[in-house]
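Please look over the structure below with its charged side chains in mind.

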Amino acid sequence: MRLDRFLANSGVGTRKEVKEILKKRKIKVNDSIITDGSIHIDENKDAVKYEEKEISYKPFIYIMMNKPDGVISATEDDEHRTVIDLLENKYRTYSVFPIGRLDIDTEGLLILTNDGILTHNLLAPNKHVDKKYYVELKNPVLKSDIEKLENGIELENGFVTKNAKVEVIENSEDKVYITITEGKYHQVKRMFKAVNNKVLYLKRVQMGNLKLDDKLKVGKYRELTEKEINILKNN
């Protein structure tokens, strides 16, 4: 692997920043100062140091974000702030991207990674990975509505959803959890619209067996633990 790529993928800086760091003679490989980012190293054997601190190479990174309202689930956009814009530079150097998407006005659990295989496995239609949402509604949800939603409901364009699960939150008939396996555009909102109700607030709280950390404030993020990474991979 090229040294400059290794440094960028390890969170040292962007390719441009790495070039300057190398020029300033701050990088050592096996205790020798290296200024040429094009040299190839063995990331599993060579000892690479930045300002005398050894760098532990991580090929993949996994981030849990509590996405805020008003931010889009994309890597770049000319009009809106993206989830990538919320990240510190050390994470952007990994060229991460969101697994799936949340609508601009939807909050909650979003995973960002540079692991393409995991992303494919979680989003593949045949995987049927559950996505659980907390929903606040304009009107109380009726038992007849729950039955329609759970057994598949036809949306305005003729698309019929797969079976869902609706849980009414105790003593709050206008607040529910809904679990779906698909991710069509505005799907949850359209499902409730089909039973003459309106979603006022929507937040994803779980994806597969991975739950949103309830200590993670809106707009904040953190790296996944090894246990959480394994949970994701075993969905």
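**Salt bridges and their surroundings**

R222 counts as partly exposed, at 23% relative accessibility, where partly exposed lies between buried, under 20% relative accessible area, and exposed, over 50% (1.4 Å probe, protein chains only). This is a predicted model, in which local features need pLDDT of at least 70 and side-chain atom pairs count only at pLDDT 80 or more, while totals for chains, interfaces and linings use all residues. Residues are numbered from 1 along each chain as its sequence is written, and side-chain values use heavy atoms, with hydrogens and water left out.

**The overall count**
- A search of the whole structure finds 14 salt bridges, each defined as a side-chain nitrogen of Lys or Arg within 4 Å of a carboxyl oxygen of Asp or Glu.

**Partly exposed pairs**
- R222 forms a salt bridge with D213, their closest N and O atoms being 3.1 Å apart, and D213 is partly exposed, with a relative accessible area of 22%.
- K26 and E51 form a salt bridge whose closest N and O atoms are 3.2 Å apart.
- That pair links distant parts of the chain, 25 residues apart, with K26 in the loop between α2 (15-23) and β1 (27-29) and E51 in the loop between β3 (48-50) and β4 (53-54); helices (H or I, at least four residues) and strands (E, at least two) are DSSP runs, numbered from the N terminus.
- K26 is partly exposed at a relative accessible area of 31%, and E51 is partly exposed at 44% relative accessibility.

**A buried pair**
- D103 and K189 meet through their side chains in a salt bridge (4.0 Å, N to O).
- D103 lies in the loop between β6 (97-98) and β7 (107-113) and K189 in helix α6 (residues 187-193), so the pair ties together parts that are 86 residues apart in sequence.
- Both D103 and K189 are buried.
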